[in-house]
Amino acid sequence: MKIFVSYLRGLFFALYMLISLPIIIGLMYLFPKNHRTIRRHWAKLTFWLHGIPLTIEGEADTQAQLIIANHASMWDIIALEAIHPADLCWIAKQEITNIPLYGHIMKAPKMISIDREDKKGLLKLLSESKERLDEGRVISIFPEGTRTHKPGVLLPFKPGAAMIANKHKLRVQPVIILGTGELLPAKSIRLTPHPVTIIYLPAFHATEAGEGWLEKLRDEMQQLIANRLM
């Protein structure tokens, strides 16, 4: 019975996304100066409609310019959009932007898309991230590059996050997101109500973190996640 209910919840979530995203996209094009407010209200509504508890530990550093977070589900994005005080600029793969109609969820709020096959992709990433930073936005990235399929186990971090932070001399805040993998596992349509927790870790300046700081950060985040799941 529980499995059947989780499939029904998953179906409701899928229909909700199919219907609500075009509305949100349209609103962001109509009111481009208010796209952050539109996204925040939509994200909060999404959690409320699906009855998902969302809690916060620690505090968002208002001086941080780059958010680095683990990634287990699309709910990671919804969670941070709901609670983070800044106007986040997400970095995502080009394939999302290329989706007919729904790809405008990246285009309307001027997110950054990268083509992994394009050799000039890194230059584009550095250039566009600088533009968004100059606009007062906070860059948000999942350094794993894709969703992990095993809850609690981080994939290796790709170097893009460190390149952006080092090049632009950014203040970085790591964020751990717990519960989204159990809520909606990768490649699954089952939605199981599960509390989601956002943990803000202490921020630091990339230029003061030393060589190989991204790999060390990955190990620290992995250990913290493992400790919470014990």
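Which residue follows α2, and is its phi positive or negative? Please also tell me what α2 packs against, and which side chains meet in salt bridges.

Modeller: G51 follows α2, and its phi is positive, near 65 degrees. Keep in mind that this is a predicted model, in which local features need pLDDT of at least 70 and side-chain atom pairs pLDDT 80 or more, while totals for chains, interfaces and linings use all residues. Numbering starts from 1 along each chain as its sequence is written, and side-chain values use heavy atoms, without hydrogens or water.

Start with the helix itself. Helices (H or I, at least four residues) and strands (E, at least two) are DSSP runs, numbered from the N terminus. Helix α2 covers residues 35-49, which makes 15 residues.

Now its buried side. Buried means under 20% relative accessible area, exposed over 50%, and partly exposed in between (1.4 Å probe, protein chains only). In α2 the buried residues are H35, R36, I38, R39, R40, W42, A43, T46 and F47. Their partners come from several places: α1, β1 (54-57), α3 (75-83), β3 (88-93) and β7 (196-200). Contact here is heavy atoms within 4.5 Å.

Take R39 next. Its side chain meets that of D87 in a salt bridge, at 3.1 Å from N to O. This pair links distant parts of the chain: R39 sits in helix α2, D87 in the loop between α3 and β3, 48 residues apart. The term asks for a side-chain nitrogen of Lys or Arg within 4 Å of a carboxyl oxygen of Asp or Glu. R39 is buried at 5% relative accessible area. D87 also counts as buried, at 19%. Both belong to a network of salt bridges that links R36, R39, E81, D87 and R137. The whole structure holds 12 salt bridges.

Two others are worth a glance. E128 and K124 meet at 3.1 Å, N to O. They are four residues apart in helix α6 (residues 121-134), so about one helical turn separates them. E128 is buried at 17%, whereas K124 is partly exposed at 32%. Leaving out residues up to four places away in sequence, E128 touches M111 and I112. R218 and D219 form another salt bridge, at 3.7 Å from N to O. D219 is partly exposed, with 47% relative accessible area.

The structure holds five aromatic pairs. In one of them, F13 and W75 have ring centres 5.0 Å apart and planes at 25 degrees, so the pair is stacked. F13 lies in helix α1 and W75 in helix α3, 62 residues apart, so the pair links distant parts of the chain. Rings of Phe, Tyr and Trp (its six-membered ring) pair if their centres lie within 6.5 Å; planes under 30 degrees apart are stacked, over 60 edge-to-face, the rest tilted. F13 is buried at 5%, and W75 is buried at 0%. Y16 and W42 make another stacked pair, with 6.4 Å between centres and 5 degrees between planes. F47 of α2 is among the buried residues, and F47 forms one aromatic cluster with F13 and W75.

Helix α1 (residues 2-30) also holds F4. F4 is exposed, at 52% relative accessible area. F4 belongs to a nonpolar surface patch with about 1200 Å² of accessible area together; its members include M1, V5, L8, L11 and F31. Patch residues have over 30% relative accessible area and no salt bridge; like charges join within 9 Å, nonpolar side chains (Val, Leu, Ile, Met, Phe, Trp, Tyr) within 5 Å. Areas come from the Shrake-Rupley method with a 1.4 Å probe, and for residues only the protein chains shown count as cover.

Last, helix α7 (residues 160-168). Its buried residues are G160, A161, A162, I164, A165 and H168. Their cover includes β2 (66-69), β3, α6, β5 (138-141), β6 (171-178) and α9 (213-229). K169 follows α7, with a positive phi near 55 degrees.

Conventions. The expected span of a helix is 1.5 Å times one less than its number of residues.
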